[in-house]
Amino acid sequence: MEAQVSGPRGHKEAQKGWKFPTVGCCFPPQGSQLHHVCDRWENGALPDPGDPQPPGPCQKGVDRTAIVDVLTNRSREQRQLISRAFQERTRQDLLQSLQAALSGNLERIVVALLRPAAHFDAQELRTALKDSGSTEDVVVEILATRTPLQLQECLAVYKHDFQVEAEEDIKSETSGTLQKLFLALAKGGRESYSEVIDYNLTEQDVQALKQAEGPGTEGTWVLILTQRNPEHLVRVFDQYQRCTGHELEHTVRNRFHGDAQIALLSLASVIRNTALYFADKLHQALQETEPNYQVLIRILISRSETDLLSIRAEFKKKFGKSLYSSLQDAVKGDCRPALLTLCRAEDL
């Protein structure tokens, strides 16, 4: 159950999912919604990017409330329309103007909101692959939770922006089982959902995984976990537990180590329950001494138009506290209203 909140917009979200305001599909006539948005920003929401700006995060002449209000209450498609309309009205690039006017986490949020989804994912994937830290779960998140079309677009942008195939970076930055797993996910060859339940294939996969315990059998795990459709794999997981007396993840922890183990456990979590996987990641990001804003921003924006309602429900069910309240308690600074508005509403 949801309640209206006194956050940035106090939205009451319909149970079937948030619906963004409707905006036309082309540059609209005078007096329409996009012109109203541009008028708001021309009349004070943004400073002239050519003017010198005071240093620090609190620059004068920037109406952060208007910026957050407009961008977080529009779909990604609508934000692209607004960006084009702003360009036509002002002869200025909206993203560059906002980057010049903002800083810190609020700037990161605005950049993520205004970039096309494929560009945002490509940059996150590149950062994760080049980061020397433990970012295997980020790579799995992007490669395993995007639709085939979204993944295809992401990899095309990756090649265009960085002048290298993502697969080449995977080969240069990883090795062994982790490399095989990432390359298989990047190919996007997962079987599509079928309404026909293949019990024979379920049993074959269970037996194959049970036998794949020695050296040189890692490919069996990669093949099954990256090629089979999620509905089939859930049945495989259940049957595996009935046959062995323990969850498949228990075997992964004993069979694999290091980065490969982390990545395989993340993938298994995505397969079992994608919404719960994201709820866990959000909770972990909020439990750190300083909230992991990169994780919060990436998930709230990338899932805001798909399954955020389900993620919120799983969050409340598992942790006994709503995502909205958790954000209220943990997040500080001028990015707080934006993240709360992206979350949309309290869950009672």
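These legends walk through several close-up views of a predicted model.

The model is predicted, so local features need pLDDT of at least 70, side-chain atom pairs count only at pLDDT 80 or more, and totals for chains, interfaces and linings use all residues. Residues are numbered from 1 along each chain as its sequence is written, and side-chain values use heavy atoms, with hydrogens and water left out.

**View 1. The whole chain, before we zoom in.**
The chain has 20 helices and 2 strands. Both kinds of element are DSSP runs numbered from the N terminus: helices are H or I with at least four residues, strands are E with at least two. Of the 348 residues, 48% are buried; buried means under 20% relative accessible area, exposed means over 50%, and partly exposed is in between, using a 1.4 Å probe and protein chains only. Now look at contacts (heavy atoms within 4.5 Å): among those between residues at least 6 apart in sequence, 70% join residues at least 24 apart.

**View 2. Helix α16 from end to end.**
Here is α16, residues 274-287. The expected span is 1.5 Å times one less than the number of residues. At the start of the helix, a side-chain oxygen of N273 reaches to within 3.3 Å of the backbone nitrogen of A275.

**View 3. The buried side of α16.**
Tucked in here are A275, Y277, F278, A279, K281, L282, A285 and L286, the buried residues of α16. They pack against α7 (136-145), α15 (258-272), α17 (293-302), α18 (308-319) and α19 (323-330).

**View 4. Where α16 meets α18.**
The two axes come within 8 Å and cross at roughly 65 degrees. Axes are lines fitted to C-alpha atoms, for helices over the stretch in contact, with angles running from 0 to 180 degrees between N-to-C directions. The crossing is right-handed, meaning the near helix is turned clockwise from the far one by less than a right angle. On the α16 side, A275, L276, F278, A279, D280, L282, H283 and L286 take part, meeting S310, I311, E314, F315, K318 and F319 of α18. By class, that contact has 9 nonpolar, 2 polar and 3 charged residues. Ala, Val, Leu, Ile, Met, Phe, Trp, Tyr, Cys and Pro count as nonpolar, Asp, Glu, Lys and Arg as charged, and the others, Gly among them, as polar.

**View 5. R303, an arginine tucked into a loop.**
R303 sits in the loop between α17 and α18. At 8% relative accessibility, R303 counts as buried. Leaving aside residues up to four places away in sequence, R303 touches T145, R146, T274, F278, L308 and I311.

L178 belongs to α10, residues 176-187, and is buried at 8% relative accessible area. Beyond residues up to four places away in sequence, L178 touches E136, D259, A260 and A263. I262 is 84 residues from L178 in sequence, but the C-alpha atoms are 9.4 Å apart in space.

**View 6. Two loop residues with positive phi.**
R91, in the loop between α3 (76-90) and α4 (94-101), has phi near 60 degrees, though not a glycine. R91 is exposed, at 64% relative accessible area. Q163, in the loop between α8 (148-162) and α9 (166-173), is not a glycine either and has a phi of about 55 degrees. Its relative accessibility of 67% makes Q163 exposed.

Key:
Polar contact = N/O pair within 3.5 Å; in protein donor to acceptor, adjacent residues only side chain to side chain.
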